[in-house]
Amino acid sequence: MKLRRRSIGAAAAAPSNRLAGPWRRSLLFRVVATTLVIGFGTVALLGAYVTSEIRDGLVSTKVDRVLQQSAQDLATAQEDIYASPAESPNALQQLVFDLDDKLRALGGEDRGLVLLKSPSNSSEVPLFPGGNPELVGVVTDDMRAAVEDGATQPWQFVELPDGSPGVVVGSPLDIRVAGGYELYFVYPLESEQQTLTLIQRVLGLGAGMLVVLVAFMTWWVSNQAVRPVRDAARVASRLAEGRLSERMKVRGNDEMATLARTFNEMAESLQRQITRMEELSRLQRRFVSDVSHELRTPLTTVRMASDVLYDARADFSPEVARSAELLSNQLDRFEALLADLLEISRIDAGAARLEFEEISLTDLVRDEIEGIGHAASKVGVELRLWIGPGEHIASIDRPRVGRIVRNLLSNAVEHAQEHPVDIGIASNGRAVAVVVRDYGIGLTPQQVERVFDRFWRADAARARTMGGTGLGLSIAREDARLHGGKLEAWGRPSKGASFRLLLPRTSRGLGQDAPLAIVVRESEFEALGPRKVVDVHPDAEYTESAP
Amino acid sequence: MTARILVVDDDPAVAEMIGIVLRADGFDTEFCDHGDRALAVFRETHPDVVLLDLMLPGRSGIDICRDIRAESGVPIIMLTAKSDTVDVVLGLESGADDYVPKPFKPRELIARVRARLRRNDTAAPSTVRIGELEIDVTGHRVTREGEVIQLTPLEFDVLVTLARSPGQVFTREVLLEDVWGYRHAADTRLVNVHIQRLRAKIERDPENPEIVVTVRGVGYKAGGVSS
């Protein structure tokens, strides 16, 4: 249900999305669209106002003229009637026809005439009113009532039979013995209508051109402003890619040129800083390399001398013999510490280089278990290797990953308290996981957070059986990171600790899902796959339970 | 016959100490403390193994390595104070057979020297054919269609080890053990670099090797271009 609703929502949102996209992305689009909308609105309002003003002006002038002419013509007509000696119906009829002709001559062809008998006229004299009979319907009842009430020159806008606008002016006309009549002049407003249409058309055209011009100007001006911003964005992204010598073009001396210049100054400063950092890092690498050489040369002599003494300790007195032993052991420790220190400073300086080759993690872990197995069995710790289905081949730097696994194993053995240590390997399409789980003293959550810190020890006073420099896990985590992988820890006091190494199989990275959880229960290792038995005897070939 | 070892190292203490250790194990020692004189001393003394420090006054260890390689296949073991990848690979590519990172234990050094002196003297057919190559194991000669191909003793050992079991895949670790004499996992780059050098000499097209074939994710084997 939920799904369907969502898909409908998506369909409804689609057309608005089509505009929302450029609206969000393009400043230019936004500015031009806003200008167009506002421009159109303003011009439309202005146009409407101007048009109505012009129409009112045109019409009121016309009405004034119409009223004036009507009054004049009516007066002439009335005078003619009073001056006429006509008495008989025939003569009166002739008078009306004459008037009709005369009024037509006065008012022109366009003006229509309507002569109606007043409703109150009770005269018996039959008169054919003449005028334009087709216009009789134009005269409204309101109009007739107004004329009947004696209003001076009542007038009204009407619609002529052909649909065009017009004005009707009415007034009473006294035709002596024939009684009261009403005379209506019908003026067409067609020419005014035409004028108005013309003006509207001109105004519309002008407004359209204005809007287009404004929109174009806006586009052009915004483009002027936006283009340097776009250039800056393009150059900035190139800088971010590491092409540090990329610069913006500086044209002229305006604000945009200032932007370009400031931008270039920033790039310059960045480049300087980065070059300086690179130089520092190079110096650091050089220093590490020199220290390494300078320290190792005397150490080589000391080492060999100490070993010669150690080998000959049987010939010495017990004190001297023990001294030779201590010297030799502590030199081992000193060497390990020096090697770790150099390694971590090399990693810090970004000078660590990896040599990738396709290697089976199964083989690598087995080799490392073989290497440490002897020491583990001496402290009563059993190492159990569980291998999930599939071949766990990944592109890795063998010495580094070997070192990570070695570290995890010796760490687990050291803290296992004679419980077994389980090692699980599993992989998916993207990553290989190695989990090393012990069931010994474990770690508190606070300790888990610090376990990768340099020179940090869970218990400073505790005796160390496996030695260790305090840098092992830090280096292991850095090594995992150099591979694009991860090294994570889990622990519960007296429940044991678990370390998971995740390595990408190819340069595509780890992917979303890990092949194994950080912590695996003891029973879950069996479900992972067949257990491989690794013969831990130091000098024997390893054997496998499966061929 | 005692083997003669040439020690090229500019640090007098290290050189003296190496001398003590080597002589205690029954080797003859010769010394050279300057890069510019190394080649001359080498020509004079005809050592069986050269121990070569990489950082020397005058000519660098890498250059000396190339010089010696140009006229002799004598085993060269680099003494490196730097374990930087590039230095080691550069040294191996310039012709060194093996390397010992400083500081090392005397036993380690002796083991490396002995491994280089050890000859492939196991009882086996004295002539092995692989592809177009004919390998005279006792005479240390490799010929292709009657033409002799110059190999260093180490390259020869690698080739013979592979060629004696055609089709069998050797992991890098096994090769390190069989040829270099390492008993525990060591730097597999040794194998990679020397396989490349070997291929450059024996393959018709080193880019598409037919005699020493890579088995992806495992190691190498002698190819099946048998006549």
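A crossing of two helices is called left-handed if the near helix is turned anticlockwise from the far one by less than a right angle, and right-handed if the turn is clockwise. The views below come from a predicted model.

**View 1. Helices α6(B) and α7(B) of chain B cross in a right-handed sense.** Helix α6 of chain B spans residues 153–164 and helix α7 of chain B spans residues 172–180, and their axes come within 10 Å and cross at roughly 120°. Angles from 65 to 115 degrees count as roughly perpendicular and those over 145 as roughly antiparallel, and α6(B) and α7(B) are therefore oblique to each other. On the α6(B) side the residues that take part are Asp157(B), Val158(B) and Thr161(B), which meet Leu175(B), Asp178(B) and Val179(B) of α7(B). Sorted by class, this contact of α6(B) with α7(B) is made up of three nonpolar, one polar and two charged residues.

**View 2. Helices α7(A) and α11(A) of chain A cross in a left-handed sense.** In chain A, the axis of helix α7 (residues 318–348) and that of helix α11 (residues 472–482) come within 10 Å of each other, with a crossing angle of roughly 35°. From α7(A), the contact draws on Asp340(A), Glu343(A), Ile344(A) and Ile347(A), while α11(A) contributes Ser474(A), Ile475(A) and Glu478(A). Three nonpolar, one polar and three charged residues form this contact of α7(A) with α11(A).

**View 3. Helix α3 of chain B, residues 61–71, has both buried and exposed residues.** Gly61(B), Ile62(B), Ile64(B), Cys65(B) and Ile68(B) are buried in this helix. Viewed down the axis of α3(B), the buried residues fall within an arc of 160°, so they line one face of the helix. An α-helix has 3.6 residues a turn, so residues three or four places apart point the same way. Ala70(B) and Glu71(B), on the other side of α3(B), are exposed.

**View 4. Chain B touches chain A through residues that include part of helix α1(B).** The contact takes 23 residues from chain B and 25 residues from chain A. On the side of chain B that touches chain A, helix α1 of chain B (residues 12–24) gives the most, with five residues. This side of chain B has 11 nonpolar, four polar and eight charged residues by class.

**View 5. Chain B as a whole contains eight helices and 12 strands.** Of the 227 residues in chain B, 42% are buried. Among the contacts in chain B with a separation of 6 or more, 54% are accounted for by residues 24 or more positions apart.

Technical notes. Residues numbered from 1 in each chain as written. Chains lettered and ligands numbered in written order. Predicted model: local features only at pLDDT ≥ 70, side-chain atom pairs only at ≥ 80, totals over all residues. Axes fitted to C-alpha atoms, helices over the stretch in contact; angles between N-to-C directions. Helix = DSSP H or I, 4+ residues; strand = E, 2+ residues; numbered from the N terminus. Contact = placed C-beta atoms within 7 Å. Nonpolar A, V, L, I, M, F, W, Y, C, P; charged D, E, K, R; others polar. Parallel < 35°, antiparallel > 145°, perpendicular 65-115°, else oblique. Buried ≥ 20, exposed ≤ 12 C-beta atoms within 10 Å, placed from the backbone. Arc of directions from axis to C-beta.
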